[in-house]
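Please look through this model with me.

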Amino acid sequence: MELFAHLSLGLDTVFTLGNLGYCFLGVLLGTLIGVLPGLGPVATIAMLLPVTYGLPPLSALIMLAGIYYGAQYGGSTTAILVNLPGESSSVVTCLDGYALARKGRAGAALGIAALASFFAGTVATLIIAVAASPLAEFALKFGPAEYFSLMLLGLIAAVVLAQGDFLKALAMVALGLLLGVVGTDVNSGEERFTFGLPELADGINFVVLSMGLFGIAEIIANLEVQEKREVFTRNIGTLLPNREEFKAASKPALRGTLLGAVLGILPGGGAVLSSFTAYTLEKRLAKDPSRFGQGAIEGVAAPEAANNAGAQTSFIPLLVMGLPSNAVMALMVGAMMIHGIVPGPQVMEERPELFWGLIVSMWIGNFFLVLLNLPLVGLWARLLSVPYRLLYPIILVFCCVGIYSINNSAFDVGLALVFGFLGFLFLKLGCEPAPLLLGFVLGPMMEENLRRAMLLARGDATVFFTRPISAVLLATATLLILLLTSPWAKKTRETAFRE
Amino acid sequence: MTQPTLDSRLERHFMNPLFLPRLKDFLSGLFFCGAGIFTIMAAARHPLGNAMRMGTGSFPLLLGLLLFALGTLVSTRAALKHLRQGHALRDFLPATRFLTLKHLFQRNALKNALLPAALVGLGIVAFAGLLSSLGLALAILALVVISGAAHHEARLVELLVLGVGLSAFGAGVFVWGLGLPLPLLPA
């Protein structure tokens, strides 16, 4: 069996003391930072990225994937114990998780969240391993026209499926694409939008952009709110759920896993969409929907399983096509580029040990997550009781040192501050920053493929409609927009995100 | 009967919970339009090329046009919704003056939002400016004390202790642990 050969290649690569250590360290650091309120996976990964600079590529990727899962799970811990979603994918976990915590079942909620995540992670890893090869073969048929259309579809789908206003999100994508243009053009060597600043000749670093928009902006916004929060640190109770809770949670976890795995593959999908949809589904299926929001264990198990499965399978478009489908994956592209790996279908052929090693490490990362969180949850809880007035200076120090160390550049730190203020403005104007980051990463690739496609077609723009795969992709994108503007879709979308 | 003054009319609008989201949309639309115009102007200085060999200016130009169009759509949509409710459009523009200071920010805008933002910014600028000449330890101390003062419950002694602690931690982890090439002490 080819699959087993691949997985054993992966196991061989990962099972070195060093790589296992980096995986563990990644999960640990990711959880540590991800637990802090107001720091989602994007900010966490951006902040910890400098730690991986000195590592060999595979170790760095393994560690980053570990950081991602850790951050994801840390967010759930915060949601359950403080009722503060660290990131948008744990918003729904707040609803029933916090209610359970108030009933004195915080431990059970955390335990179920960990076990459901582990189960989902295992299934999703297998799905990736099975689906990756055939998909990559298909992706190798793609020319520049197909890639351009695929990216367009990805961006539109990301905007359609995400929360918030469609037009504003689209404008944010356009802004992101533009920021991606800043710097020296690869084809002509011409500098664009650098305003004569030599520091901008290499373009804007994506860590600078994401730390500004997600880290600094968030801190400024939090300082304005001045809320008091109630933390459950003492009465967490036993982490093992009792028999009834376990039984009640098992089927929702399974449904959540499958739903999350499918939704995670979609462009624009990933953890957020998965957890929202899973929660809504469980509420529909429940005999007594009124229990939801009052501490239903199903309301923790399903979204937690779904967001972990979705977080995992959103690696598929990245690894197979080189296309990030959400902001976290956009960061992973940037991280891979730093290590000289251009994500795409060729990675599986040229660097099989890297590809399969990463996939196996996903499962190991999930295993460490359970191992780490069950005993350490008390420590995370205590971390949460650190007041914000001490917490945010610490976060700022990490952000600033991280940004400075990319290029040893004080200019970058200042630029991040500018994006921080810009991000604060966006928050005030109700514009989601995530589509901007996605556009920023895709911008250069999109322009490159557009120009190449036009050159190959001798200036004939109809090439995007006459090549079959490209035509299908564009038709899907159009269909998505039409669906969005139909009154029926508007209604379901509104209810889905309100619940 | 006297006509209600502009200010009292605006006050009434802000009582309506639908007004603020609309005003936010209107303003974001203007922002996108402005960014679009700026981009179009900047892109025009680069060669556009032709359809086969697209110049460096063409992709940004397309994006600039798109941004301008989207911005117009967002603003117009917000304005139309406002009009449809029987309100006068002329309230919209002067409302922006009120909005930035009183309603976009909660409570006292200057004290609660702009001052903390400025302090956080000042701390970061101090860090960036001091690092190469005064070293990591002092730069971290400056960042922690200045930015930390932005919190409404900030205490100086606490921040000094935190700053010294983080300086030591930063030296240990970043410089010795991770081996980042950063100057530690004043040169």
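Here are numbered points on packing, surface and backbone.

1. Start with a caution. This is a predicted model. Read every point below with that in mind.

2. Look at how two helices meet. A packed pair is described by the angle between the axes and the distance between them. In chain A, helix 1 covers residues 2-14 and helix 16 covers residues 352-384. Their axes come within 7 Å and cross at roughly 80 degrees. Helix 1 of chain A is therefore roughly perpendicular to helix 16 of chain A, because angles of 65 to 115 degrees count as such.

3. Which residues of helix 1 and helix 16 of chain A make the contact? Helix 1 of chain A brings H6(A), L7(A), L9(A), G10(A), L11(A), T13(A) and V14(A). Helix 16 of chain A brings P352(A), E353(A), W356(A), G357(A), V360(A), S361(A) and I364(A).

4. Now find helix 3 of chain A, residues 41-48. Of its 8 residues, 8 are buried. They are P41(A), V42(A), A43(A), T44(A), I45(A), A46(A), M47(A) and L48(A). What covers these buried residues? The cover includes helix 2 (17-35), helix 4 (57-82) and helix 9 (206-225) of chain A. It also includes helix 14 (327-338), helix 17 (388-407) and helix 19 (434-456) of chain A.

5. Turn to the surface. F119(A), L254(A) and L258(A) form a nonpolar patch there. Together they have about 270 Å² of accessible area. L254(A) sits in helix 10 of chain A, residues 243-265. Is L254(A) buried, partly exposed or exposed? It counts as partly exposed, because its relative accessibility is 42% and that class lies between 20% and 50%.

6. Check two backbone angles. Most residues other than glycine have a negative phi. N408(A) has a positive phi, near 50 degrees, and is not a glycine. N408(A) lies in the loop between helix 17 and helix 18 (410-428) of chain A. Its relative accessibility is 37%, so N408(A) counts as partly exposed.

7. R458(A) also has a positive phi, about 55 degrees, and is not a glycine. Its place is the loop between helix 19 and helix 20 (463-466) of chain A. R458(A) counts as exposed because its relative accessibility is 66%.

8. Last, compare sequence with space. Q346(A) and V320(A) are 26 residues apart in sequence. How far apart are Q346(A) and V320(A) in space? The answer is 8.3 Å, C-alpha to C-alpha. Q346(A) belongs to helix 15 of chain A, residues 346-350. At 26% relative accessibility, Q346(A) counts as partly exposed.

Methods
Residues numbered from 1 in each chain as written. Chains lettered and ligands numbered in written order. Predicted model: local features only at pLDDT ≥ 70, side-chain atom pairs only at ≥ 80, totals over all residues. Heavy atoms only, no water. Patch = residues over 30% accessible without salt bridge, like charges linked within 9 Å, V, L, I, M, F, W, Y side chains within 5 Å. Areas by Shrake-Rupley, 256 points an atom, 1.4 Å probe, with all protein chains shown as cover. Salt bridge = Lys/Arg side-chain N within 4 Å of Asp/Glu carboxyl O. Helix = DSSP H or I, 4+ residues; strand = E, 2+ residues; numbered from the N terminus. Buried < 20%, exposed > 50% of the residue type's maximum accessible area, 1.4 Å probe, protein only. Axes fitted to C-alpha atoms, helices over the stretch in contact; angles between N-to-C directions. Parallel < 35°, antiparallel > 145°, perpendicular 65-115°, else oblique. Contact = heavy atoms within 4.5 Å.
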